[in-house]
Amino acid sequence: MDQIKIIFPDASIKEYDRGVTGYKIAESISQSLAREVLSISVNDELWDLTRPINQDARIKLHKWEDEEGKHAFWHSSAHLMAEALEILYPGTKFGIGPPIEQGFYYDVDPPNGKVITDADLPRIEAKMKELAEKKNTYQRTEISKTDALDFFSKKGDEYKIELISELADGSISLYKHGGFTDLCRGPHLPDTGRIKAIKLLSIAGAYWRGDISRKQLTRVYGITFPKQHMLDEFLEMLEKAKERDHRRIGRDLELFTFSQKVGAGLPLWLPKGAILRQKLENFLKSVQVKYGYVPVISPHIGQKELYITSGHYEKYGKDSFMPMKTPVEGEEFMLKPMNCPHHCEMYKHKPRSYKDLPVRYAEFGTVYRYEQSGELHGLVRLRGFTQDDAHIFCRSDQLKEEFIKVIDIILYIFKALDFKDYIAQISLRNPDDKENYIGSDENWEKAERAIIEATEEKGLEAVTVIGEAAFYGPKLDFMVKDVLGRKWQLGTIQVDYNLPERFDLEFVGADNQKHQPALIHRAIFGSMERFVAILIEHTGGKFPLWLVPDQVVIIPVSEKFNDYAEKVLNFLNNYDIRTLIDERSEKVGKKIRDNELKKIPYLLIVGEKELQSESVSVRKQGEGDKGSMKLKQFAEFIRNQEEEELNIK
């Protein structure tokens with residue numbers, strides 16, 4: 001039999017028989033690897049382990065520890081759940097069932113008006129476990145478009161028919177396991193027996209293809225693992241996450257609220273939450289000033305034509321609020337979905353010289369997107385939110401330096417807020433899918449090269465992801481892990497040569513000729529609301545002293561000492577220390593417990609001894625008694641701690 005060359009990640013080369021599979025390659029290395037491997041990359045394309053390799057190839061085997069391994073595991077699990085649903089609810093129609101960051105989901109249309117509820121999940125789980133134990137193989141079949149349409153037409157599944165109608169002939173494959181067959185490009189596990197631990201998590205509604213005018217399907221979320229102890233650990237983490245849920249903590253700490261009358265997805269910031277948010281904004285503003293940013297303010301609406309020019313209307317028009325018509329014929333305004341078109345118009349308000357650049361505009365600008373009601377979630381997914389937006393207009397020779405400066409700001413902010421575990425991700429355009437992006441190949445190549453060179457020069461270890469770029473340019477995202485190990489996208493820097501072209505932005509160069517500036521889009525927090533949600537869950541509501549809305553609470557031991565408590569309050573207020581008094585007619589022990597639950601960092605007990613010595617008895621949240629301090633000594637202690645927290649090296 002013919003031999004082919006297989007190149008491993010370490011550049012070593014081995015020869016195998018033509019038609020060898022990823023599983024056989026793993027088996028040739030060790031039986032333990034064959035038991036653990038879940039998928040394979042063949043020339044950077046994800047494949048099933050059972051798919052024959054017929055030519056020389058570079059390969060990489062993926063285990064559970066790899067994202068690619070989890071992708072195949074959870075994708076296979078989604079199909080297993082679909083098989084269980086088809087058995088339990090014959091006639092169910094299927095939308096899509098992808099793997100997600102943690103687990104998978106499937107959008108389904110149950111038959112005869114059947115409603116699947118949380119009460120049905122244990123029954124579906126049990127059927128999945130029963131089917132998994134059969135160790136049915138996942139069998140891939142490549143099929144013509146005509147045959148695929150015929151198969152799903154006979155089955156009566158219009159959702160699959162719609163998906164197939166958009167695919168090119170020769171690129172369609174089906175996967176079969178047990179009695180279930182699905183449209184899918186894969187990859188999948190060798191068999192269902194790898195799936196040992198199963199938990200279905202929740203049910204939600206999801207409009208078909210995200211279109212509110214289409215039918216709402218039932219979305220069933222689940223997660224699976226190759227070992228039971230992994231599921232047990234995940235469920236334990238899930239309970240901890242519930243304890244840190246920003247919606248619960250935000251309510252308990254009186255940070256924000258929502259009102260049905262105001263509208264879904266539109267948060268109302270209460271006084272304590274407003275203080276927290278303002279402290280974050282002021283902190284970033286002070287950093288931005290040092291880096292040469294100037295503040296700007298743009299309106300909450302703009303003419304529709306503005307967003308047509310920028311390309312946002314074509315790309316995101318369906319996700320925006322409907323245009324507002326005015327009495328003037330043909331005049332339409334939109335709630336602002338993005339700040340950048342406004343900033344481009346600001347740049348144009350006067351002629352620019354090369355000596356004027358860079359121009360760095362910064363704005364905490366509120367934008368509006370029409371998120372579907374089923375997608376709204378606390379402060380994380382909203383219809384109105386504020387971005388810490390900045391746009392840097394610069395010469396091409398300044399681009400790399402400006403990009404690196406933004407990286408410096410992001411890393412400084414992360415240190416100040418104790419985000420220690422993060423990954424830098426370079427997101428590039430998919431060269432095989434150019435219709436989803438705007439701009440010339442030349443502009444894209446310049447922008448992508450600038451990002452790659454900046455990250456290399458900064459010494460950042462970055463992963464590169466193809467196809468995740470913004471529609472107008474490549475970007476560098478910072479993916480942060482919180483204390484529960486969950487990944488969040490915080491901090492983004494995007495290079496854009498396209499908007500300056502669309503808005504005819506220019507400057508006069510040293511050669512006295514007109515040139516087009518480069519544009520850097522930059523957000524450190526991203527959405528202020530989403531950042532606060534992540535910060536709440538990361539800290540469990542125990543914010544740094546410089547940021548917490550209430551830094552100190554004074555607890556008089558009886559009403560007799562309320563006047564002294566008021567004196568202490570006024571003294572600390574003069575030092576800009578955020579202080580309140582608990583004057584309730586409760587026992588001191590109860591006041592201490594209640595204020596500990598409010599996560600106020602310092603509790604000051606005042607009684608006869610403190611009155612006579614003009615001092616306070618200090619308790620630190622979670623640590624207990626810290627002894628007695630004179631008023632000025634305590635005020636300086638608080639100020640010094642704040643400075644230490646913000647003096648990040």
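A: Happy to. Let's start with Ser 76, which sits in helix H3, the helix that runs over residues 67–88. Bear in mind throughout that this is a predicted model. Is Ser 76 buried or exposed? Ser 76 has a relative accessible area of 0%, so it counts as buried, the cut-off being under 20%. As for its surroundings, once neighbours within four places in sequence are set aside, Ser 76 is in contact with Tyr 138, His 188, Leu 189 and Ile 195.

Now let's step back to the whole chain. Burial applies to 51% of its 649 residues. The secondary structure consists of 20 helices and 33 strands, and the C-alpha trace spans about 95 × 70 × 60 Å along its principal axes. If we take contacts between residues at least 6 apart in sequence, 68% of them join residues at least 24 apart.

The largest nonpolar core holds 63 residues, and Leu 280, Leu 417, Leu 476 and Phe 478 have the most contacts inside it. Helix H13 (residues 399–416) supplies the largest share of this core, with eleven residues. Another core lies apart from it and has 40 residues, including Tyr 89, Phe 225, Met 237 and Ala 241.

The chain's accessible surface is about 31,100 Å², and carbon and sulfur atoms account for 49% of that. There are 94 positive and 104 negative side chains, with the centres of the two sets 3 Å apart.

Conventions: Residues are numbered from 1 along each chain as its sequence is written. This is a predicted model: local features need pLDDT of at least 70, side-chain atom pairs count only at pLDDT 80 or more; totals for chains, interfaces and linings use all residues. Side-chain values use heavy atoms; hydrogens and water are left out. Helices (H or I, at least four residues) and strands (E, at least two) are DSSP runs, numbered from the N terminus. Buried means under 20% relative accessible area, exposed over 50%, partly exposed in between (1.4 Å probe, protein chains only). Contact means heavy atoms within 4.5 Å. Accessible areas come from the Shrake-Rupley method with a 1.4 Å probe; for residues, only the protein chains shown count as cover. Lys and Arg count as positive and Asp and Glu as negative; His and the chain ends are not counted. The place of a charge is taken as NZ of Lys, CZ of Arg, CG of Asp or CD of Glu. A nonpolar core is a set of buried Ala, Val, Leu, Ile, Met, Phe, Trp, Tyr and Cys residues joined through side-chain atoms within 4.5 Å.
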